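Trainee: Could we go through this structure together? I would like to begin with the ligand and its surroundings.
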Amino acid sequence: MSEKLSFVSPTPNSPWGTYLQQVDRVIPYLGDLARWAETLKRPKRALIVDVPIEMDDGRIAHYEGYRVQHNMSRGPGKGGVRFHPDVTLEEVMALSAWMTVKTAAVNLPYGGAKGGIRVDPKKLSQKELEKVTRRYTSEIGIIIGPHTDIPAPDVNTNGQIMAWMMDTYSMNTGGTATGVVTGKPLHLGGSLGRVKATGRGVFVTGREAARRLGLDLRGARIAVQGFGNVGSVAAELFVEAGAIIVAVQDHTGTIVNDKGLDLAGLVPISRTAGGATAFQGGDVVPNAQFWDVQCDILIPAALEGQISAERAKKTTAKLVLEGANGPTVPEADDILAQRGVLVVPDVICNAGGVTVSYFEWVQDFSSFFWDEDEINVRLDRIMMNALNHIWDTADKHKITLRTATYAVACERILIARQERGLYP
Ligand code: NAD
């Protein structure tokens, strides 16, 4: 009954194509709600903006920015902002859709949104970065707001960028709107525990999955791709639990150490310009070897589409924890399932960040701030409740954790859609 979506046609294994296949797989489990399923395949609203700035040398540079609100049936849009030279509208559409599924999977009162600028921030001065951020915020200001759509950090964005976004929005609206973004610095209405929340969520879901698999974390061998906010924090928590990190890959290359990389040395060095491969406590090897490393747990925590069919066939991991969004293409997902490799999917595994973002937003509105223990206890409880519910659904229907997560989440989204009814 529907015309084909025309403005972006998915390319095979692209993030949006992957998302559409994930939705198709869940439709048989939606019962009568399936009549509303097309709504999941269409972003509600997509904005493309021009971001012109004057560079330090006087040149005028233009960057392309996006904000996509995928679905707001259950609440305001929520989702990060990515600064990366490869960002496209199609990628942002997929990331926004995954936010819709994620917020519903952990039952937060949000929809899904995402934003991005097609820019390499590593090539900008601090002043240029601030200008890009502020102009972008001003341009998307017509659709974001504390009750409509709340951005947060993602790849290459951080608390400082959130502070500039909050300030720009506030200047344009004439107040101090702390609730317009999350992931802010602490003294600007940020929340304790937010910086580590996504990595902590990866750890909490991974610890429970390992327990159910009978995999002892003490001595477990872990390979981590992407050693930024998500990957490095998750790695540290697993090491605290007794695991060893045998391989790390970031944008500078791959470093391995069969006896375990020393994170006290690696983490600070990985944050410098030289990246993880500047660390002396391991061997730098060609990137392809990362996928051959003997490991029990694989944590993709970089970008989309990293676990291809080929890589799925050869990984030795028993457990894959998707810290990144969309790291596994659907064909690889099937291969991992056939090989008995358990995948904790992104839409639950990395939901710790948006969960503490939700706590931050609630604290901003009530102007009452919680201590870190309270944040972590509540985070643990929400993640565990969500995971247990999803696990029961997977057992009941004999489906993968990913399809089960989509079943739980899409049911919640479509019930909301049905109850609200169609306007007009
Ligand atoms: P980040 O910018 O802090 O770190 C990204 C890491 O990926 C860096 O170590 C970088 O070197 C590495 N990387 C980049 N390109 C790479 C490549 N081609 N090969 C290998 N490594 C590469 O970003 P982050 O916040 O840690 O986000 C990582 C992933 O987690 C993304 O998929 C993001 O969408 C997802 N995520 C982040 C959050 C959050 O709260 N930050 C929440 C949920 C999901």
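Mentor: A definition comes first: Ala, Val, Leu, Ile, Met, Phe, Trp, Tyr, Cys and Pro count as nonpolar, Asp, Glu, Lys and Arg as charged, and the others, Gly among them, as polar. Please also keep in mind that this is a predicted model.

Trainee: How do the residues of the shell around the ligand divide into nonpolar, polar and charged?
Mentor: The shell holds seven nonpolar residues, 11 polar ones and four charged ones.

Trainee: And which residues are the closest to the ligand?
Mentor: Of the 22 residues that surround the ligand, the closest are Asp154, Thr198, His251, Ala302 and Asn325.

Trainee: Which helices and strand each supply at least two residues of that shell?
Mentor: Those are helix H5 (194-213), helix H6 (229-240) and strand S7 (244-250).

Trainee: What lies 2.9 Å from an oxygen atom of the ligand?
Mentor: That is a backbone N or O atom of Ala302. Asn156 also has a backbone N or O atom facing a ligand oxygen atom, at 3.1 Å, and for Gly323 the corresponding distance is 3.4 Å.

Trainee: How much of the ligand does the protein bury?
Mentor: The ligand taken alone exposes 830 Å², and the protein buries 84% of that.

Trainee: Changing topic, is strand S3 enclosed or open?
Mentor: Strand S3, residues 77-84, is largely enclosed by the rest of the structure, because eight of its eight residues are buried. The cut-off for buried is under 20% relative accessible area.

Trainee: Which strands are joined to S3 by bridges?
Mentor: S3 is joined to strand S5 (residues 149-153) by five bridges, and the two run parallel. Strand S4 (residues 112-118) also runs parallel to S3, with four bridges between them.

Trainee: Which residues stand opposite each other there?
Mentor: Gly77 has Asp149 in S5 as its bridge partner, and Val81 stands opposite Gly115 in S4.

Trainee: How does the chain cross from S3 to S4?
Mentor: The chain passes through helix H2 (residues 89-105), and this β-α-β crossover is right-handed.

Trainee: How far apart are Ala416 and Arg74?
Mentor: In sequence, Ala416 and Arg74 are 342 residues apart, while in space they are 6.1 Å apart, C-alpha to C-alpha.

Note on methods
Residues are numbered from 1 along each chain as its sequence is written. This is a predicted model: local features need pLDDT of at least 70, side-chain atom pairs count only at pLDDT 80 or more; totals for chains, interfaces and linings use all residues. Side-chain values use heavy atoms; hydrogens and water are left out. Buried means under 20% relative accessible area, exposed over 50%, partly exposed in between (1.4 Å probe, protein chains only). Two strands pair if DSSP finds at least two bridges between them. A crossover is right-handed if, with the strands pointing away from the viewer, the path from the first strand over the helix to the second runs clockwise. A residue is near a molecule or strand if one of its heavy atoms lies within 4 Å of it. A polar contact is a pair of N or O atoms within 3.5 Å; within protein, one must be able to donate a hydrogen and the other to accept it, and residues adjacent in sequence count only if both atoms are side-chain atoms. Accessible areas come from the Shrake-Rupley method with a 1.4 Å probe; for residues, only the protein chains shown count as cover.
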